Structures are given as structure tokens and as C-alpha cells.
Amino acid sequence: YYICSYTNADAAMLAAAIRGHWGIENRVHWEKDVTLKEDKNGVRKGQAPENLSLLKNIALNIARKCSFHSMKDAITAFANKITLMAKYIRT
């Protein structure tokens, strides 16, 4: 069940909106879980898990802004290339 305040919504429009939302959610979580191994991370105390998740979100956003097709491609491109990574962060 979904709650919606849009009074003119029909089933097809709502279905498309819901699928679109979950497509984005699934893509982000898959990248963080599989590519960045977030679930295997042993950090569990204090603010560290939340801070690491924030840094991973920033990394994903930088990779997307730089038009990489996947986080794996971005990691490969940036490996041991701090100057290149800093250039993309500044833009």
C-alpha cells in the first residue's frame, strides 16, 4: 500500500513513479553493497558507520558526475591517482 496526496493519480502513473523510485534506490544500494562492500565493513560503533556511508555517497556522486558507468570503473580510474581525483572533486 502507498499513501499519496495527489488526487488525480491513476494506477499507471503511481506504478511508474514507484518503479522509478525503487530503481534509483536499488542502484545506489547495490553499488554500495556490492562494489564498495558496505555490508562486509566491520565498523559498527559510534558515528563511524554513518560517516563512512556518507563518504561512500560522496564517492558515488563524484563518479556519476564524472560520467563513469559504474563505481568499479571510477575506482580503477582513480587508483593511485590522487591528482586526478582532486581535479574531479574541485569541479
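Predicted model: local features only at pLDDT ≥ 70, side-chain atom pairs only at ≥ 80, totals over all residues.
User: Is Asp39 buried or exposed?

Analyst: A residue counts as exposed when its relative accessible area is over 50%. The relative accessibility of Asp39 is 54%, so Asp39 counts as exposed.

User: What distance separates the C-alpha atoms of Asp39 and Val28?

Analyst: Along the chain, Asp39 and Val28 are 11 residues apart.

User: How many salt bridges does a search of the whole structure find, and which side chains meet in a salt bridge?

Analyst: Side chains of opposite charge can pair when their charged atoms come close. The search of the whole structure finds one salt bridge. At 3.6 Å, N to O, the side chains that meet in a salt bridge are those of Glu38 and Lys32.

User: Is Lys32 buried or exposed?

Analyst: Buried means under 20% relative accessible area. Lys32 has a relative accessibility of 6%, and therefore Lys32 counts as buried.

User: Lys56 has no salt bridge; which side chain of opposite charge is nearest to Lys56?

Analyst: Lys56 belongs to helix H2 and is buried. A salt bridge needs a nitrogen and an oxygen within 4 Å. For Lys56, the nearest side chain of opposite charge is 4.5 Å away, and that side chain is Glu38.

User: Which residues is Lys56 in contact with, leaving aside neighbours within four places in sequence?

Analyst: Contact means heavy atoms within 4.5 Å. Leaving aside neighbours within four places in sequence, the contacts of Lys56 are Lys32, Leu36, Lys37, Glu38 and Asn41.

User: Glu31 has no salt bridge either; how far away is the nearest side chain of opposite charge?

Analyst: Glu31 is part of helix H1 and is buried. Not counting residues up to four places away in sequence, Glu31 touches Leu36, Leu60, Arg64, Ser70 and Met71. Arg64 is also the nearest side chain of opposite charge, at 5.4 Å.

User: Why does Ala63 count as buried, and which residues does Ala63 touch, not counting those up to four places away in sequence?

Analyst: Ala63, in helix H2, counts as buried because its relative accessibility is 4%. Not counting residues up to four places away in sequence, the residues that Ala63 touches are Phe68, Met71 and Ala74.

User: How far apart in space are Ala63 and Val34, C-alpha to C-alpha?

Analyst: In sequence, Ala63 and Val34 are 29 residues apart. From C-alpha to C-alpha, the separation of Ala63 and Val34 in space is 16 Å.

User: What is the volume of the largest pocket, and which residues are closest to its centre?

Analyst: The largest pocket has a volume of about 230 Å³. It is lined by 13 residues, and the closest to its centre are Ala59, Met71, Ile75, Phe78 and Met85.

User: Which element gives the largest share of the lining of the largest pocket?

Analyst: Helix H2 (48–65), helix H3 (71–78) and helix H4 (82–90) are the elements that give two or more residues to the lining of the largest pocket. By class, that lining has 13 nonpolar residues, no polar ones and no charged ones. The largest share of the lining is five residues, and these come from H2.

User: Ser67 has a positive phi although it is not a glycine; what is the value?

Analyst: Most residues other than glycine have a negative phi. Ser67, in the loop between H2 and H3, is exposed, with a relative accessible area of 57%. The phi of Ser67 is about 65°.

User: What is the phi of Asn80?

Analyst: Asn80 lies in the loop between H3 and H4 and is exposed, with a relative accessible area of 81%. Although Asn80 is not a glycine, its phi is positive, at about 60°.

Note on methods. Residues numbered from 1 in each chain as written. Heavy atoms only, no water. 1 Å grid on protein atoms, 1.4 Å probe; cavity = no way out; pocket = protein on both sides within 12 Å on 5 of 7 lines; lining within 4 Å. Points joined across faces, edges and corners; volume = space filled by probe spheres on them. Helix = DSSP H or I, 4+ residues; strand = E, 2+ residues; numbered from the N terminus. Nonpolar A, V, L, I, M, F, W, Y, C, P; charged D, E, K, R; others polar. Buried < 20%, exposed > 50% of the residue type's maximum accessible area, 1.4 Å probe, protein only. Lys, Arg positive; Asp, Glu negative; His and termini not counted.
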